[in-house]
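Here is a friendly walk through a structure, in questions and answers. Have the viewer open and follow along.

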Amino acid sequence: MRSFLASSTAVAAVAALALPLAATSPAGASPAVAQPAAAGLAGSTQSLPMTPLPGADRAAGSASQEGLARREVRPFSLVGVVWDNADDELHGSVQVRTRARASGAWSAWQDLETHNHDHAADPGTAEAAGPLHGSTAPLWVGDSDAVEARVRAEDAEGEPLPRGLRVDLVDPGAGPAGSDGSEEGDGDGSSRALRAPDVLPALDRSASEAEAAGASGAGLAARPYIGARPRIVTRKGWGADERLREPGFVYTKSVKVAFVHHSASGNGYTCAQAPSVLRSIYRYHVKSSGWRDIGYNFAVDKCGNIYEGRAGGVAKAVMGAHTLGFNTNSMGIAVLGTYTSTNPSAAALKAVEQLSAWKLGLYGLNPAGKSTLVSGGGNRYRKGRSVKFNAIAGHRDGFATECPGARLYARLGGARVTAAHFQGRR
């Protein structure tokens with residue numbers, strides 16, 4: 001894997017496990033080398049090449065239709081389609097169908113979101129230097145043992161399909177005890193069996209403010225409005241194998257905007273499966289797309305559980321790969337699921353509000369206010385342009401995309417007001 005240097009802003013001596021604010025090391029310390037996860041957590045990826053479908057036109061050097069014939073494979077739970085060059089866009093449709101291991105039944109054809117390059121590292125950064133691969137959004141299909149896929153160009157006589165199309169099948173591997181439904185939850189789908197250091201417990205507003213004040217030496221100043229820190233499942237808690245990602249961390253100066261996303265990975269997961277979904281997306285982002293780590297800073301499941309995403313410390317301004325052009329001085333929160341025509345749960349929305357109130361509050365931001373970011377380049381704003389965003393924004397505000405889905409995007413106005421209330425603002 002490529003080797004990355006941490007930014008000159010700060011390099012923390014925190015391990016992959018995110019610690020409470022008071023326990024983080026001050027800026028300027030050397031990066032810690034993540035300890036390998038226990039054997040058996042890594043999972044696996046099967047990569048199967050696609051071939052031209054009958055009647056596909058190859059006159060332009062690439063087929064207008066490619067597919068993967070129905071095939072039995074090793075067990076997997078998440079599927080995506082990948083191609084050689086991340087700069088090539090797939091203009092067309094991608095569909096897959098899979099066979100459930102338990103029942104032997106085949107699913108209907110399911111669409112994959114093709115425009116996934118908008119969740120990526122900013123142009124000109126070390127992470128974007130490559131080699132990166134183009135990829136669809138991944139789709140969670142649950143425990144499966146056979147697959148079939150087809151890709152069709154939008155216009156058979158227009159732009160050809162990208163080269164090197166292949167189907168990647170991800171097995172998330174086993175998680176730590178209590179992270180994948182092996183322990184009973186408390187009725188809301190969460191696994192309360194997890195204990196520190198696997199979970200950062202919730203703090204009330206007073207404790208959160210006191211902790212932030214005590215951590216001012218780590219680059220955070222005491223702020224008048226800091227929301228209560230919500231309960232956060234750490235990377236160790238959801239079973240992130242730290243051998244997958246690149247060592248070291250990259251930081252920016254602040255967190256001015258919380259960009260809300262949906263993972264576009266489907267809604268067919270249980271909350272007990274959410275850690276497995278995360279391990280699958282993590283592996284897909286690193287091994288299939290070529291990113292240094294999972295792209296999002298945080299994830300939220302439909303039961304309102306919050307998970308640490310990209311490594312580097314939950315309180316720190318960790319640079320992610322979630323909003324192409326605006327990863328600097330922002331954070332990405334992915335609500336697991338697809339919210340184009342499905343409403344997000346009340347629990348998920350509350351988690352987004354609480355998380356934003358706390359994290360934006362650490363950097364002095366009002367969730368109901370606005371902040372300005374400078375574009376690193378994208379399809380909506382040219383590089384170098386200053387853009388004013390709502391402090392809680394949707395991915396589509398910074399990039400021409402459907403993310404975070406129309407139903408989730410429509411709820412962000414209310415989320416801003418509620419998050420400001422959680423900070424104690426009136």
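Two strands pair if DSSP finds at least two bridges between them. Keep in mind that this model is predicted.

Q: How many bridges join β4 to strand β5?
A: Pairing needs at least two bridges between the strands. Strand β5 covers residues 110-111, and it runs antiparallel to β4. The number of bridges joining β4 to β5 is two.

Q: Which strand is joined to β4 by nine bridges?
A: Strand β4 spans residues 92-100, and its partner here runs antiparallel to it over residues 139-153. G92 has A153 as its bridge partner in that strand. The strand with nine bridges to β4 is β7.

Q: Which residue's side chain is joined to that of T323 by a polar contact of 3.2 Å?
A: T323 is found in the loop between β13 (306-308) and β14 (330-335). Leaving aside neighbours within four places in sequence, T323 is in contact with D118, A120, D122, F259, H261 and H395. The side chain that makes the polar contact of 3.2 Å with T323 belongs to H261.

Q: Is T323 buried or exposed?
A: The cut-off for buried is under 20% relative accessible area. T323 has a relative accessibility of 0%. Because that value falls under the cut-off, T323 counts as buried.

Q: How many residues apart in sequence are the parts that the pair C271 and C303 ties together?
A: A search of the whole structure finds one disulfide, and it joins C271 to C303 with an S to S distance of 2.2 Å. C271 lies in the loop between β11 (257-262) and α3 (274-288), while C303 lies in the loop between β12 (298-300) and β13, so the parts tied together are apart in sequence by 32 residues.

Q: What is the handedness of the link of C271 and C303?
A: A disulfide is a covalent bond between the sulfur atoms of two cysteines. In the link of C271 and C303, the angle about the S-S bond is 95°. That makes the link right-handed.

Q: What arc around the axis do the buried residues of α6 cover?
A: Helix α6 (residues 412-422) has L412, A415, R416, A419 and A420 as its buried residues. They lie on the same side of α6, because the arc they cover is only 130°.

Q: Which helices and strands do the buried residues of α6 pack against?
A: Just after α6, G424 takes a positive phi of about 90°. The buried residues of the helix itself pack against β11, α4 (346-362), β16 (386-390), β17 (392-394) and α5 (406-409).

Key
Residues are numbered from 1 along each chain as its sequence is written. This is a predicted model: local features need pLDDT of at least 70, side-chain atom pairs count only at pLDDT 80 or more; totals for chains, interfaces and linings use all residues. Side-chain values use heavy atoms; hydrogens and water are left out. Helices (H or I, at least four residues) and strands (E, at least two) are DSSP runs, numbered from the N terminus. Buried means under 20% relative accessible area, exposed over 50%, partly exposed in between (1.4 Å probe, protein chains only). A polar contact is a pair of N or O atoms within 3.5 Å; within protein, one must be able to donate a hydrogen and the other to accept it, and residues adjacent in sequence count only if both atoms are side-chain atoms. Contact means heavy atoms within 4.5 Å. A disulfide is a pair of cysteine sulfur atoms within 2.5 Å. The arc is that of the directions from the helix axis to the C-beta atoms.
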